[in-house]
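Let's take a friendly walk through a protein model, looking at its charged pairs and its strands. Have the sequence and the 3D view ready.

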Amino acid sequence: MIIRQATLKDHKTLVEFQLAMAHETEGIELHAPTVDLGVEAVLNDSNKGHYYVAEVNGQVVSSLLTTFEWSDWRNGTILWIQSVYVRPEFRRKGVYRKMYAFIKDMVMKADNLNGIRLYADKTNVAAQKTYENLGMNQDHYVTFEWMK
């Protein structure tokens, strides 16, 4: 398995993964042209984030997006892991574990990176167990949001 930063050639696969994830996790059908533009925006502007993919035998089987949170308390950046997707036939095979290890190693080696955060749906118990098994803990914050 190879973990690497995604490139423009991964664009179509990343869009497919985002559409599938929204359908599977929230039962919603996203507007594909909007997702297409959103993925392209990240691939063309590293200030928005970075996609990473896992390849097995040349096939992209998983992806995740990292975005940035500036911490004045730490004078550094915290990476947020978002948009995690693993093809169904590759789940429960350590794919996400390897992707997480790749991101964690990147944070450990960079002086300006201070940690990793992510959020999980309250009802997604399997995901929560996966994150806990990787050494992550639920923090004491509650997430609030307002969306247009």
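## Charged pairs and paired strands

E16 is partly exposed, with 36% relative accessible area (partly exposed lies between buried, under 20%, and exposed, over 50%, using a 1.4 Å probe and protein chains only). This is a predicted model, in which local features need pLDDT of at least 70, side-chain atom pairs count only at pLDDT 80 or more, and totals for chains, interfaces and linings use all residues. Residues are numbered from 1 along each chain as its sequence is written, and side-chain values use heavy atoms, leaving out hydrogens and water.

How many salt bridges does the structure hold? There are seven, each a side-chain nitrogen of Lys or Arg within 4 Å of a carboxyl oxygen of Asp or Glu. Here are three of them, with the distance between the closest N and O atoms.

| Pair | Closest N and O atoms |
|---|---|
| R4 and E55 | 2.7 Å |
| K12 and E16 | 4.0 Å |
| R91 and E24 | 2.7 Å |

K12 and E16 are separated by about one helical turn because they sit four residues apart in helix α1 (residues 11-26). Helices (H or I, at least four residues) and strands (E, at least two) are DSSP runs, numbered from the N terminus.

R4 and E55 are both buried. Strand β2 (residues 50-56) is mostly covered, with six of its seven residues buried. Strand β1 (residues 2-5) runs antiparallel to β2, joined by four bridges; strands pair if DSSP finds at least two bridges between them. Seven bridges join β2 to strand β3 (residues 59-71), also antiparallel.
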